Amino acid sequence: MNIDSVIGRLVRYFNDDMLRFSGAPGYTPLPEPDTGRKYLLYLHVPYCHVLCPFCSFHRVQFKEAPARRYLEYLRDECDLVSDMGYDFDELYFGGGTPTVIPGLLYDLIEALKARHGIRSVSVETNPDDLGKAGIAMLANAGVTRLSVGVQSFDDELLKQMQRYDKYGSGADIRRAISDAAGCFETLNIDMIFNFPDQTEASLRRDLEILTGELGVDQVSYYPLMNVDNAEGTMEKAIGRVEYSRERRFYEIIAETMLAAGYTRNSSWCFSRKAGMFDEYIVDREQYVGLGSGSFSYLGGTLYSSTFSIGDYGRMVDRGQTGTVFSQPLTERDQRRYYLLMELFGGRLDKRQADDRFGGRFERGLWRELGALQLIGAVRDRGAYLELTERGHYLWVVMMREFFSGVNRLRNKMRHTNQADTMAAKAGE
Ligand code: SF4
């Protein structure tokens with residue numbers, strides 16, 4: 001077993017311990033906000049036109065009427081937390097596909113802007129989901145970053161992903177991206193590497209399109225992650241994830257992006273200019289998540305909202321947020337989480353870390369930091385710690401495992417909610 005897989009296993013072990021949310025779900029109020037603090041608000045919209053087989057996010061098949069109702073509940077939930085005193089300066093709409101009903105998304109952004117001094121708005125979408133009118137609408141609403149889920153321009157891979165029929169061929173996607181170019185401060189493209197049938201030549205073609213033909217502002221290149229589900233839909237559609245080529249593929253991506261003049265915002269996000277991070281949890285340590293299936297991290301405690309959309313609506317109707325679980329992190333886990341996220345962004349400022357933890361940050365993690373320096377992943381620059389080139393790939397492995405842990409948690413929450421809803425129905 002090589003060091004990459006040892007590190008991956010260790011992160012998996014720590015994750016599963018940290019992200020456990022035990023006990024029965026029940027309304028769990030969010031804490032009072034810190035006075036004067038501005039938070040990032042994540043809003044989850046779980047509807048999608050296509051349920052891609054590699055995807056482990058909380059998503060359900062789009063139907064107009066329930067999606068409309070859901071977006072109204074989301075707006076009510078935003079009012080609830082605003083009334084509690086939470087103040088937001090950044091919005092991040094993720095999913096699912098937040099743009100399934102662009103008009104309602106527009107109204108929600110406008111409503112939040114009317115109550116808060118919002119300085120940036122990030123929205124995820126799919127190619128051609130919006131059309132030119134939808135793009136103009138979001139630009140008018142003040143969206144600063146549009147993130148388009150492309151995954152690959154390779155037609156054969158798009159067919160395997162079951163995205164070809166809905167979102168078009170590689171050529172169609174390229175046209176849709178050109179239409180959105182220049183409409184937002186940052187146009188981000190989400191890509192995936194290490195598909196079982198992806199070749200080096202196909203990866204290099206995708207990179208050439210991104211950096212040459214399209215010259216996009218930002219590219220987030222995620223490693224393919226295993227999706228555990230009982231039906232095995234991912235394995236049937238695209239094959240089994242195998243990690244032996246992952247490092248080589250990552251090296252090709254990093255070399256190509258850096259040579260084309262992009263800088264690395266995080267180990268897997270490359271930008272032409274200073275833009276928002278691809279991961280809001282890296283950008284801001286504390287955040288509020290609203291909507292079914294969202295997570296919040298506030299004051300050292302993780303919160304999860306219900307994964308049952310029906311329960312979510314009923315809770316908001318009762319004047320509650322959808323949060324049903326909380327999990328306080330130990331001081332040590334908070335430090336580990338901080339280390340993981342800060343170094344994912346490339347460097348950790350020691351003074352900031354000391355201020356955050358009220359004392360010497362490094363003392364609490366001497367074993368972890370010693371091991372990372374020993375294997376050549378982290379370099380001590382005096383005032384800060386930074387990732388080496390080798391460290392960037394190790395961080396891809398660690399973040400892959402971190403998100404796989406979140407995916408396992410999502411699966412567990414979906415099952416918990418199903419069991420809970422079934423039990424409630426049986427008792428009616
Ligand atoms: S990859 Fe995007 S479009 Fe596909 S199911 Fe997941 S969230 Fe929906």
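In what order do the 3 strands of the open sheet lie, and is their pairing parallel or antiparallel? In this predicted model, for which local features need pLDDT of at least 70, side-chain atom pairs count only at pLDDT 80 or more, and totals for chains, interfaces and linings use all residues, the order is β15-β17-β16 and the pairing is antiparallel. Residues are numbered from 1 along each chain as its sequence is written, and side-chain values use heavy atoms, with hydrogens and water left out.

Strands are DSSP runs of E with at least two residues, and helices are runs of H or I with at least four, both numbered from the N terminus; two strands are taken to pair if DSSP finds at least two bridges between them. At the edges of the sheet stand β15 (347-349) and β16 (378-380), each of which pairs on one side only. Neighbouring strands are turned by 20° against each other on average, direction ignored, where axes are lines fitted to C-alpha atoms, for helices over the stretch in contact, and angles run from 0 to 180 degrees between N-to-C directions. Between β16 and β17 (residues 384-387), which run antiparallel, there are 3 bridges, and V378 stands opposite L387 in β17. Helix α14 (residues 350-357) lies across β15, β16 and β17, and runs at about 60° to β15.

The chain as a whole holds 16 helices and 17 strands, and 57% of its 428 residues are buried, a term that denotes under 20% relative accessible area, with exposed meaning over 50% and partly exposed in between (1.4 Å probe, protein chains only). The largest nonpolar core has 128 residues, and those with the most contacts inside it are F93 and W395; such a core is a set of buried Ala, Val, Leu, Ile, Met, Phe, Trp, Tyr and Cys residues joined through side-chain atoms within 4.5 Å. Helix α16 (residues 389-427) gives the most to this core, with 12 residues. Because domain 1 (1-19 + 330-422) and domain 2 (27-283) both give residues to the core, it lies between them, the domain bounds coming from an automatic or database domain assignment. Beyond residues up to four places away in sequence, F93 touches several residues, among them L43, P98, L105 and V123, contact being defined as heavy atoms within 4.5 Å.

M137, in helix α4 (residues 131-140), is partly exposed, with a relative accessible area of 29%. Leaving aside neighbours within four places in sequence, M137 is in contact with P102, G103 and Y106; M137 and P102 are 35 residues apart in sequence, yet 7.8 Å apart in space, C-alpha to C-alpha.
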